[in-house]
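Visitor: I have a structure open and would like to go through it by question and answer. Please keep it plain.

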Amino acid sequence: MTMPSSNKLKSRYLDLLAKQFDNEEALATEIINLKSILELPKGTEHFVSDLHGEYDAFQHVLRNGSGNVRQKISDIFHDELSEQEINDFAALVYYPEEKINLVKSDIKTKDALNQWYIETIHRLIKLVTYASSKYTRTKLRKALPKNYVFIIEELLYHSNKYNNKSSYYNTLMNQIVELEQSDDLIIGLSFTVQQLVVDHLHVVGDIYDRGPDPDKIMETLINYHSVDIQWGNHDVLWIGAYAGSKVCLANLLRICARYNNLDIIEDAYGINLRPLLTLAEKYYDGTNDPFRPKHADDLGEEEKAQITKIHQAIAMIQFKLEAPIIKRRPSFDMESRLVLESIDYANLTATLYGKTYPLEHTCFQTVDPDDPTALTEEEQEVIDKLLLSVQQSEKLKRHMTFLMQKGKLYLPYNGNLLIHGCIPVNEDGEMESMEIDGVKRYGRDLLDHFEAYVRYAFNHKDVGDDLATDLVWYLWTGKYSSLFGKRAMTTFERYFIADKAAHKEIKNPYYYLREDVDMCKKMLKDFGLDPEQGRIINGHTPVKEIDGENPIKADGKMLVIDGGFSKAYQSTTGIAGYTLLYNSFGMQLVAHQHFNSKENVLRNGADELSVRRVVDKELERKKIKDTNKGKAIQQEIDILKELMQDRFLK
């Protein structure tokens, strides 16, 4: 078979474009439009990280654009509205349905309510006008609620300069109210504002685990207007489970049991845990303290004991499933993690890294001391059934497919490097290498190979125990993993060894070398970015602001935005997460306080924000032509100009 030459392919592509732009005027109009767009200010990028299932807090941050909505309201209404009125109006934009219901319950007369409707719609129109000022009319139109595009555009672009249409506009507003369209219009305008204040959302990893509602976060992201995701270690764990990794599945089930989140498995994703519960009830007693669920104060003792048994059962399955991978993959360099083989079962001690520890809280009922890593027939049957149930979940399939479509291990975007975990380096700052398929890989090349194998595993779900599936698990726990970033995961030690020194997980040198400007520049250069202009935007490790840790590192070359969305971290971080805003004027880091409730925002206007820190102010306002999107538009312009030359200017 003869492949068409590049010239023939190019000619065919130009032929297709010629059908879309079949005359010189249409083609010229498109070129003019695209060239003009390049001169608009770049849109606002919104960075969030380590959401860990905290849907309510994430929703609030998304709806308020990390304070961007309120800032714009304040910009245009500071002379017109009091501070409390600004807060109330902001709460309306965040949660329009709920705020409208509160207003209706507070306002007693129809005339007063109608007046509130008219004032509110006028204010929203002013806010939409301001928030859309750097966009084209076409882009604004796409953001408007479809059923009200005509009405809103008339209100947006009206002018009373000649006083010819004042009656028209008054009638338009009065009819909106009289025909009871006000609620829907206000709701639509509010969501339009939310969309306009953020042009693009970056999720820098870890949507899953610990918190109660990762599935709701996924649904929100699927419906969001523009988003990308950099996979976190917890996200890859879920991808691995769906892709056929039983050990990834055991890990995520163990974490769900640990944080009292098994409802995610059963109720959100419809995965049947009955076989696991039956096994757990048969072999475990549910009194083992390290396996008691966290955040379970609302549960009765019987329910806690049941989850404890499940936790024990799946942890032992996990330890057994790890061993065959470690043995068949010597390049993983994980022989020290053959934990079940390190145990003296007669004396209940374990020898790890040359030191012998007494074991406590043991639950080795299903372990054969002569073959400690062998699954029992019942355990094998349970994990097989669980994997089948996982891969048959339509909702999980949709969510994991979206993660693959929108996700990557890292992303160079508008001159910055977005990465969840780390770039593995040694103490001297040299890139650490790992052998994959007989070749040593390091730096960007290592991450590219990790990602390629994740995608291969996802696309070959029926193949188990292959290198791709094993590498997905390695990303969760391996010492050269860019997502884990530690020398070993001490899960076994935390369950069974009292000596806390054995629990310590040593971080990759990346985590102290990232404080160094030259090191950050070196990493940016390795990923093809300008080391002088670019920054690394990082998640994964909670910033302990309570201890004085600064999320802005290496003179602004490194920004760490995991401040602890997860409630499990907030006692050690002292805050409830960082987010980052990057607009045409520069970057701002936003620290968030603990999100109490939506009701608190609606009643009191509390925005849960603390300090905004200017990371960098652009000397010259950035335009779309300076962005990734601008480069793509310029390529499109170049092709259209070639079509113009080829077809119309001969």
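**Strands, a buried histidine and aromatic rings**

Visitor: Which residue in β3 stands opposite V203?
Guide: This is a predicted model. Strand β2 covers residues 200-203, and β2 pairs with strand β3 (residues 227-230) in the parallel sense over three bridges. In that pairing, the residue in β3 opposite V203 is I229.

Visitor: Are the residues on the two faces of strand β2 buried or exposed?
Guide: On one side of β2 are H200 and H202, and on the other are L201 and V203. Buried means under 20% relative accessible area. Both faces of β2 are covered, and these four residues are all buried.

Visitor: Which residue stands opposite H200 in β2?
Guide: Strand β1 (residues 45-48) runs parallel to β2, and four bridges join them. The residue opposite H200 is E45.

Visitor: In the open sheet of three strands, what are the edge strands?
Guide: The strand order is β4-β5-β6, with antiparallel pairing. Four bridges join β5 (residues 349-352) to β6, and T349 has P358 as its bridge partner there. The strands that pair on one side only are β4 (343-344) and β6 (355-358).

Visitor: Is H311 buried or exposed?
Guide: H311 lies in helix α17 (residues 301-328). The cut-off for buried is under 20% relative accessible area. H311 has 0% relative accessibility, so H311 counts as buried.

Visitor: Which residue has its backbone oxygen 2.9 Å from a polar atom of the H311 side chain?
Guide: Leaving out residues up to four places away in sequence, H311 touches R254, A257, R258, P290, F291 and Y495. The backbone oxygen at 2.9 Å belongs to F291.

Visitor: How many residues apart in sequence are the parts that the F319 and Y495 pair ties together?
Guide: The ring centres of F319 and Y495 are 6.5 Å apart and the planes are at 70°, so the pair is edge-to-face. Both residues are buried. F319 lies in helix α17 and Y495 in helix α22 (residues 491-496), so the pair ties together parts whose separation in sequence is 176 residues.

Visitor: Over the ring of which residue does the charged end of K42 sit?
Guide: The charged end of K42 is 4.0 Å from the centre of that ring, which belongs to Y582.
The charged end of K507 likewise sits over a ring, 5.8 Å from its centre, and that ring is the one of Y511.

Notes:
Residues are numbered from 1 along each chain as its sequence is written. This is a predicted model: local features need pLDDT of at least 70, side-chain atom pairs count only at pLDDT 80 or more; totals for chains, interfaces and linings use all residues. Side-chain values use heavy atoms; hydrogens and water are left out. Buried means under 20% relative accessible area, exposed over 50%, partly exposed in between (1.4 Å probe, protein chains only). Two strands pair if DSSP finds at least two bridges between them. Contact means heavy atoms within 4.5 Å. A polar contact is a pair of N or O atoms within 3.5 Å; within protein, one must be able to donate a hydrogen and the other to accept it, and residues adjacent in sequence count only if both atoms are side-chain atoms. Rings of Phe, Tyr and Trp (its six-membered ring) pair if their centres lie within 6.5 Å; planes under 30 degrees apart count as stacked, over 60 as edge-to-face and the rest as tilted. A charge sits over a ring if NZ of Lys or CZ of Arg is within 6 Å of the ring centre and within 35 degrees of the ring normal.
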